[in-house]
Amino acid sequence: METQAADLGAVRSRKSSSMTGPAKASRDEKVMQTNNSSIVSKRSVERLYYDEPHFFRYFVKKPIRRSPLINRGYWLRMHATEQTVLNFLREPSMKKKAVLNLGCG
């Protein structure tokens, strides 16, 4: 079983490392499109639920209002992240704290 998983991982590595030209560009474009869609959705939430200053306006030229379900889902995720970080920072500690964002779409 472990050998099969290792073999599959090696095949995936070869596939992704050998991808060049139009195939890689297409894959990269798709990833960037998901990012662009996400930013537009976050901008929609920002306009509805947050007071100034609006930070996503610098990334979205023309705001588009998303459906209420999309807005609530993005708001919930943004609110949960904000509250988690604030709770972490408020927690007493003798050690220096750092928040590292590794990217999450």
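So, the surface patch: Phe55, Tyr58 and Phe59 together make a nonpolar patch of about 440 Å². By patch I mean residues with over 30% relative accessible area and no salt bridge, where nonpolar side chains (Val, Leu, Ile, Met, Phe, Trp, Tyr) are joined within 5 Å and like charges within 9 Å. The areas come from Shrake-Rupley with a 1.4 Å probe, and for residues only the protein chains shown count as cover. Tyrosine 58 sits in the loop between H2 and H3, and at a relative accessible area of 60% tyrosine 58 is exposed. For the record, exposed is over 50%, buried is under 20%, and partly exposed is in between, with a 1.4 Å probe and protein chains only.

Quick housekeeping. This is a predicted model, where local features need pLDDT of at least 70 and side-chain atom pairs count only at pLDDT 80 or more, while totals for chains, interfaces and linings use all residues. Residues are numbered from 1 along each chain as its sequence is written, and side-chain values use heavy atoms, with hydrogens and water left out.

Okay, the overall picture. We've got three helices and zero strands, running α-α-α from the N terminus. Those are DSSP runs numbered from the N terminus: H or I of at least four residues for helices, E of at least two for strands. Of the 105 residues in the chain, 13% count as buried. The accessible surface comes to about 9100 Å², and 60% of that belongs to carbon and sulfur atoms.

Now helix H2, residues 21–49. H2 has 29 residues and reaches 42 Å from first C-alpha to last, close to the expected 42 Å; the expected span is 1.5 Å times one less than the number of residues. Where are the buried residues of H2? They run Ser38, Ile39, Val40, Ser41, Lys42, Arg43, Ser44, Val45 and Glu46. What covers them includes helix H3, 68–90.

Asparagine 71 counts as buried, at 1% relative accessibility. Its side chain joins that of serine 44 in a polar contact of 2.8 Å. A polar contact here is a pair of N or O atoms within 3.5 Å; within protein, one must be able to donate a hydrogen and the other to accept it, and residues adjacent in sequence count only if both atoms are side-chain atoms. Leaving aside neighbours within four places, asparagine 71 also has contacts that include Ser41, Val45, Leu48 and Tyr49, contact being heavy atoms within 4.5 Å.

Which salt bridges do we have? There are two in the structure, a salt bridge being a side-chain nitrogen of Lys or Arg within 4 Å of a carboxyl oxygen of Asp or Glu. Glutamate 46 and arginine 43 meet at 3.0 Å, N to O. Both lie in H2, three residues apart, about one turn of the helix, and both are buried. As a reminder, an α-helix has 3.6 residues a turn, so residues three or four places apart point the same way. Then glutamate 52 bridges to arginine 57, with the closest N and O atoms 3.4 Å apart. Glutamate 52 is exposed at 55%, while arginine 57 is partly exposed at 36%.

Last stop, the segment after H3, where we find valine 99. Beyond residues up to four places away in sequence, valine 99 touches Val85, Phe88 and Leu89. Valine 99 and leucine 89 are 10 residues apart in sequence and 8.8 Å apart in space, C-alpha to C-alpha.
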